[in-house]
Amino acid sequence: MPLKIALPKGRLLAETARLLERAGWGLDDYHDKARCYRLKSQRYPGLIIKVFQERDIPIQVAIGNYDFGICGLDWVEELLARYPSSSLVRVKDLGYGSGAIYAATAENGSATSIEELVKSKGNIRIVSEYPNLAESFAERLRLRRFSIYSLWGAAEVFPPESAELVLLPSKTDNELSAKGLMAIGKVIGYGACLIACKKSLKSKDVAEILGSVMDSLHLVSKSTVSKKYKEASQVTGGRYIKETGNDVVRLALPDGHQQSHVRHILESAGIEIEDYPSATGNRRPTSSLDGVCIKVIRPQDMPLQVANGNFDLAMTGRDWLTEHLEQFPSSPVREMLDLKYGRVRIVAVVSKDVAADDVDGLRQICRRGEKPYRVASEYVNIADRYARDNHLGMYRIIPTWGASEAFLPEDADLLIENTETGGTIARHNLKIIDTLFESTACLIGNTAGIKSSVKSERAAYIVGRLKKAVGES
Amino acid sequence: MKVDRCKGFKDITTEEMACFRMIEDTFRERCLKWGYREVRTPTLEYLYLFTSVGTLTPGMLRRIYSFLDWDGWSGERVVLKPDGTIPVARMYIESMAAQKVARLFYVTNVFMFDETGKKSRERWQCGAELIGVNSPMADAELIALAIDVLQRLGLRNIELRISHAGLIKALLEKLEFSHSEQDRIFDQILNGDREALAELRTDKPELMEALTLLLGMKGKSSGFMENIQALVSQQMPELNQNIDNFTAICRMVEDMGCDYCIDLTSGKGFEYYTGVIFHLFSGNNDIGGGGRYDALIPLMGGQDTPAAGFALYLDRLMKLVKQDIEAETMTKRVSVSVLPGAEISALAIAGRLREAGYIAELALGKEEAVDCSWLLKVRDESPRFVLTNRDSGKESSVESDGEIIDLLECE
């Protein structure tokens with residue numbers, strides 16, 4: 001069996017590339033702009049190397065798909081917090097990419113210390129991309145009552161209105177105060193580390209590969225490593241205007257590549273908006289609307305945040321709304337308006353080499369198979385429903401955090417993914433065998449949750465304006 | 001495709017189930033006789049019920065099955081019940097607070113993750129709670145009830161070990177540990193680390209002497225407790241109240257004729273305990289335990305209500321209770337086989353047998369029943385019935401229902 005290693009995209013990519021360069025691996029295409037997920041090493045031509053979202057790496061190594069991985073210790077701890085018996089081993093801290101997960105509140109929030117938090121009588125809303133660490137942190141503190149909201153990103157913009165506490169990574173606590181947050185505790189420190197699957201360490205000959213990484217670590221003294229830390233990027237938190245009262249409508253707008261569409265729709269609805277999209281990373285744009293508080297968050301996080309009343313209206317995709325309703329059928333969130341942009345299809349994708357052209361063919365393959373059928377998706381609940389409804393037998397859902405095409409064919413058998421043109425799918429030697437549904441951007445809301453009449457008038461006004469703008473009224 | 005059982009969970013076989021029911025029935029019968037009433041709480045509860053301060057140690061919280069259910073959009077997590085007492089306390093607050101004293105019992109499964117997958121992650125327990133009274137007599141009643149059940153189950157050599165949460169806490173306070181340090185040491189004791197107390201040190205030599213005495217005490221009588229008190233009360237008068245309470249309970253248990261052993265370091269249990277903690281052993285098997293938890297109900301938002309309770313561990317008892325339950329039912333079991341044409345009369349006689357207190361099992365296939373003492377052939381011609389005693393091989397041919405029952409009764 002050839003050795004397999006998983007390398008990170010994103011924040012650790014540059015340093016990891018330098019480390020492996022010093023180790024003489026001679027990687028062909030490991031840089032920010034690379035469009036290919038499979039790498040070749042000149043020095044170790046037999047090594048199978050794949051690039052993943054960092055968060056996927058501990059899972060891939062723990063389940064034994066990969067022998068080694070390089071990723072931040074934060075994601076390792078996040079996995080172990082929930083699954084302590086996983087077969088993951090920390091082999092070596094690599095000395096770069098260090099930071100810490102802080103527990104933070106808003107600088108002007110109600111609780112400003114751990115003691116105050118612990119004493120608090122009400123429910124404490126905790127948001128984080130690290131829900132497992134957040135849960136064990138809350139248990140250690142013995143918080144009497146708390147709710148954890150798992151996020152895809154933009155955690156820093158939630159306190160104080162939408163959460164009492166946030167767990168988020170940061171290089172320094174200064175970086176936090178630039179975001180209007182105040183660290184009240186350090187949860188864990190982290191840095192890049194080399195991890196391995198316990199079984200691989202026991203049964204495979206890994207000495208040479210490991211040795212090359214260890215040797216290259218010795219080549220650099222600690223001081224030069226620390227110089228290479230990237231300076232904390234200057235992100236401004238945006239002006240936080242304290243708007244109290246139940247009459248304020250909370251509107252969530254998406255970050256990411258759809259921002260220009262959203263701006264266009266708002267403008268055609270006669271709503272002026274300032275600093276959106278923001279060059280400085282401001283997540284609290286202002287608008288010409290009275291009594292409306294706007295925050296910019298991930299579209300994936302919106303349905304849940306509208307359901308629990310943190311936001312009243314949000315612009316997200318029907319795909320994420322569907323995903324939310326599959327998980328929580330009793331959720332009060334509803335689609336209020338089709339915004340008619342960002343059209344994608346949610347499709348079932350397999351490798352071109354699979355001898356099936358539709359889901360019936362796939363079912364035959366599943367029936368014959370000995371091993372569980374692996375279904376990878378960012379849409380865990382949609383994928384689960386699809387596999388269940390189509391009787392794919394003994395299947396397993398592998399949650400992914402983007403770049404899902406890379407999973408096929410080695411690390412998953414079926415992918416539930418969105419596509420605009422099908423181009424990316426074809427380029428990765430994959431084929432579409434089924435379309436689940438079509439998704440466009442939509443306005444979602446929880447009108448039943450609005451108690452104040454002033455607020456519901458304000459919300460209705462926004463919905464009305466947007467309806468006209470997209471030509472529905 | 002192979003179909004697997006969930007890791008860490010087990011099936012209960014027919015033989016085990018018979019044993020399970022026997023234990024459960026004995027427990028129910030005794031509880032009812034002592035004036036306790038049966039309740040049942042749901043399998044799912046909200047997580048926050050268990051996260052509230054002083055209910056479960058963080059070590060236990062890390063092992064509970066918690067998840068977001070279909071209603072989880074509000075962020076509210078639910079758990080598979082990890083403990084029997086807390087849900088009953090919740091139920092008491094919700095619907096029984098008006099009655100001053102409540103004697104409640106239940107048989108329930110509880111869920112707790114175990115990393116190795118070797119221990120069962122689903123366990124069964126028989127629990128009893130005495131809510132609304134705080135007296136040594138109440139504590140002694142629970143201990144006596146637990147022992148009564150175990151004796152009825154035919155267990156010999158039951159060992160009772162008693163400790164006292166109030167005394168341990170007062171001791172830690174006296175030694176001036178910080179609040180979090182006190183919590184940590186108490187948690188260690190509760191998680192079963194017997195060394196935790198033994199490692200306590202203080203730089204005050206006069207305290208050290210009394211401490212060594214308290215920790216070393218593994219005495220067998222309330223008189224021993226009184227002697228200890230005489231020695232300790234000067235250096236640590238703060239402990240008097242707890243020692244008094246402990247002594248009174250011991251004396252009461254003694255008067256009831258129970259054999260016991262005082263061992264302060266045996267305080268394994270739940271963080272909600274405030275007074276006596278007791279454990280029941282048979283050989284090296286921990287088969288049950290309980291204690292007083294006066295602070296739990298007020299902490300959960302109820303009235304200031306004292307309470308105490310215990311649980312017997314059904315899975316462990318099943319391994320110890322060795323009664324040949326199958327053999328007992330065999331003599332009551334009749335396999336009824338039907339010759340063509342006699343179906344209606346076979347059904348009728350099977351019904352008669354059941355009325356008369358026998359187990360009548362219709363033989364439908366060619367396989368002969370294995371675990372019954374009697375075979376009955378039903379024919380549509382004379383002799384209508386042939387009854388065989390499989391133990392003696394004796395065969396009798398009869399014509400009427402009454403004759404069959406007479407024959408069965410004779411044996």
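Tutor: Two strands pair if DSSP finds at least two bridges between them. Strands (E, at least two residues) and helices (H or I, at least four) are DSSP runs, numbered from the N terminus. This is a predicted model: local features need pLDDT of at least 70, side-chain atom pairs count only at pLDDT 80 or more, and totals for chains, interfaces and linings use all residues. Residues are numbered from 1 along each chain as its sequence is written, while chains are lettered from A and ligands numbered from 1 in the order in which they are written.

Student: How many bridges join β12(A) to β15(A)?

Tutor: Strand β12 of chain A covers residues 249-254. A:Val249 stands opposite A:Val292 in β15(A). The two strands run parallel, and the number of bridges joining them is 6.

Student: Which strands stand at the edges of the sheet in chain A?

Tutor: The open sheet has the order β15-β12-β16-β23-β17, with mixed pairing. An edge strand has a single partner, so one side is left without a neighbour in the sheet. The strands at the edges are β15(A) and β17(A).

Student: How are α5(B) and α11(B) placed to each other?

Tutor: Their axes, lines fitted to C-alpha atoms over the stretch in contact, are 9 Å apart. The angle, taken from 0 to 180 degrees between N-to-C directions, is about 45 degrees. Under 35 degrees counts as roughly parallel, over 145 as roughly antiparallel, 65 to 115 as roughly perpendicular and the rest as oblique. The two helices are therefore oblique.

Student: How many residues of chain A are in contact with chain B?

Tutor: Contact means C-beta atoms, placed from the backbone, within 7 Å. Chain B gives 16 residues, with α2(B) and α3(B) each giving two or more. In chain A, the number is 22.

Technical notes:
Two residues are in contact if their C-beta atoms, placed from the backbone, lie within 7 Å.
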